[in-house]
Amino acid sequence: MSQHKTIGFIGLGVMGEPICRNLVNKSGARVIAFDLAPEPLARLKSDGAAAAASVADVVGSSEILFLCLPSARHVRAVFEGDGILENIRQGQIVVDLGTSSVSQTRDFARQLQARGASWADAPIARTRQAAQDGTLSVMVGATPELYAAIEPLIRCFATDVTNCGGTGAGQVTKILNNMVLFETVNALAEAVAIAKRNGVDPALLLDTLSKGSADSFALRNHGLKAIVPGNFPERAFSTEYALKDLSYALELASDAGIKIRGAELIGQILQEAIDAGSGGAYFPVIAKYLG
């Protein structure tokens, strides 16, 4: 189904590995992957992917390149040096699936455009299970032409794909999605803490709220599956990553001259959890510090 003969993929972490596997299984294209960790590379190689030796190797071997990296800093690391910019060719497309800085996204897009190549921001939403099932939601920032070129491949791992506007619009939308999520999870954590102190079972509370106007994806997933059972594993969406994503929202608000007090507060709460030693734990761990 792919018009591209070879797809490159850099970043085989919690979300990247299952996304890459879906591209291997569904795209009809050759997939060449790279990660610093050998274990996911070995697993994907057994599923039919080729293993690259370096970022430069992936860029030189592919027509379209997907990035699934933890932060803007990691994206910059593969962009600079003997990386994407140095090795990009005219007509190539880079699709960034991570949540990253809007200003950096637009800067990289301009640099690639000057080389006759394209950069699309396409940050992913939903869970690791959704990545495995191919049911992610993806928010794309791209011209209509570029969106048309990449959408069929994105649908190998996503059921909801939205073109949010031009370059950077996907990042803006995803950053705001996460800001709302973090503030909602904090509200759920506070509700559970108050319920416990007043003799109401937290599971019953959230199950009941799910039948009314307080229902949300966050309640059914982060609330019932993490906060209520106290399940805050490592190698999930960590508190440190949550604070990183929130910092992008605070940056956007500052640049726009808007004071977002709720987001500023959740930033302090996330930082307190990190300072208490929960930086690597699944971010609903903030509930742990409410008693």
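This is a predicted model: local features need pLDDT of at least 70, side-chain atom pairs count only at pLDDT 80 or more; totals for chains, interfaces and linings use all residues.
Student: Why are helix 9 and helix 13 called roughly perpendicular to each other?

Tutor: Helix 9, residues 169–197, and helix 13, residues 261–278, pack at an angle of about 65 degrees, their axes being 10 Å apart. Angles of 65 to 115 degrees count as roughly perpendicular, and therefore this pair is given that description. The crossing of helix 9 and helix 13 is left-handed.

Student: Which residues make that contact?

Tutor: Helix 9 contributes Met-179, Phe-182, Glu-183 and Asn-186, while helix 13 contributes Gly-262, Ala-263, Ile-266 and Ile-269. Sorted by class, the contact of helix 9 with helix 13 has five nonpolar, two polar and one charged residues.

Student: What makes helix 9 and helix 11 oblique to each other?

Tutor: Helix 11 spans residues 217–227, and helix 9 packs with it at an angle of about 50 degrees, with the axes 10 Å apart. Roughly parallel needs an angle under 35 degrees and roughly perpendicular needs 65 to 115. The pair of helix 9 and helix 11 is therefore oblique. Their crossing is right-handed.

Student: Which residues of helix 9 and helix 11 make the contact?

Tutor: On helix 9 they are Leu-181, Thr-184, Val-185, Leu-188, Ala-189 and Val-192; on helix 11 they are Ala-218, Leu-219, His-222, Gly-223 and Ile-227. By class, this contact of helix 9 with helix 11 has eight nonpolar, three polar and no charged residues.

Student: How do you know that helix 10 and helix 11 are roughly antiparallel?

Tutor: Helix 10, residues 202–209, packs with helix 11 at an angle of about 175 degrees, and the axes are 10 Å apart. An angle over 145 degrees counts as roughly antiparallel, so helix 10 and helix 11 are described that way. Ala-203, Leu-206, Asp-207 and Leu-209 of helix 10 meet Leu-219, Gly-223 and Leu-224 of helix 11. The classes in the contact of helix 10 with helix 11 are five nonpolar, one polar and one charged.

Student: Are Cys-20 and Cys-164 buried or partly exposed?

Tutor: Buried means under 20% relative accessible area. Cys-20 has 0% and is buried. Cys-164, at 28% relative accessibility, counts as partly exposed.

Student: What makes Asn-22 buried?

Tutor: Its relative accessible area is 6%, and the cut-off is under 20%; Asn-22 is therefore buried. Asn-22 lies in helix 1, residues 16–26. Leaving aside neighbours within four places in sequence, Asn-22 is in contact with Ser-27, Ala-131, Gln-132, Gly-134, Cys-156 and Phe-157.

Student: Why does Val-59 count as buried?

Tutor: The relative accessibility of Val-59 is 0%, and the cut-off for buried is under 20%. Val-59 is placed in helix 3, residues 55–61. Not counting residues up to four places away in sequence, Val-59 touches Leu-65, Gly-83, Ile-84, Asn-87, Ile-88, Arg-89 and Gln-92. Val-59 and Ala-130 are 71 residues apart in sequence and 27 Å apart in space, C-alpha to C-alpha.

Student: What makes Val-180 partly exposed?

Tutor: Val-180, in helix 9, has 48% relative accessibility. Exposed means over 50% and buried under 20%, so Val-180 counts as partly exposed. From Val-180 to Ala-218 there are 38 residues in sequence and 9.7 Å in space, C-alpha to C-alpha.

Definitions and conventions: Residues are numbered from 1 along each chain as its sequence is written. Side-chain values use heavy atoms; hydrogens and water are left out. Axes are lines fitted to C-alpha atoms, for helices over the stretch in contact, and angles run from 0 to 180 degrees between N-to-C directions. Helices (H or I, at least four residues) and strands (E, at least two) are DSSP runs, numbered from the N terminus. A crossing is left-handed if the near helix is turned anticlockwise from the far one by less than a right angle, and right-handed if clockwise. Contact means heavy atoms within 4.5 Å. Ala, Val, Leu, Ile, Met, Phe, Trp, Tyr, Cys and Pro count as nonpolar, Asp, Glu, Lys and Arg as charged, and the others, Gly among them, as polar. Buried means under 20% relative accessible area, exposed over 50%, partly exposed in between (1.4 Å probe, protein chains only).
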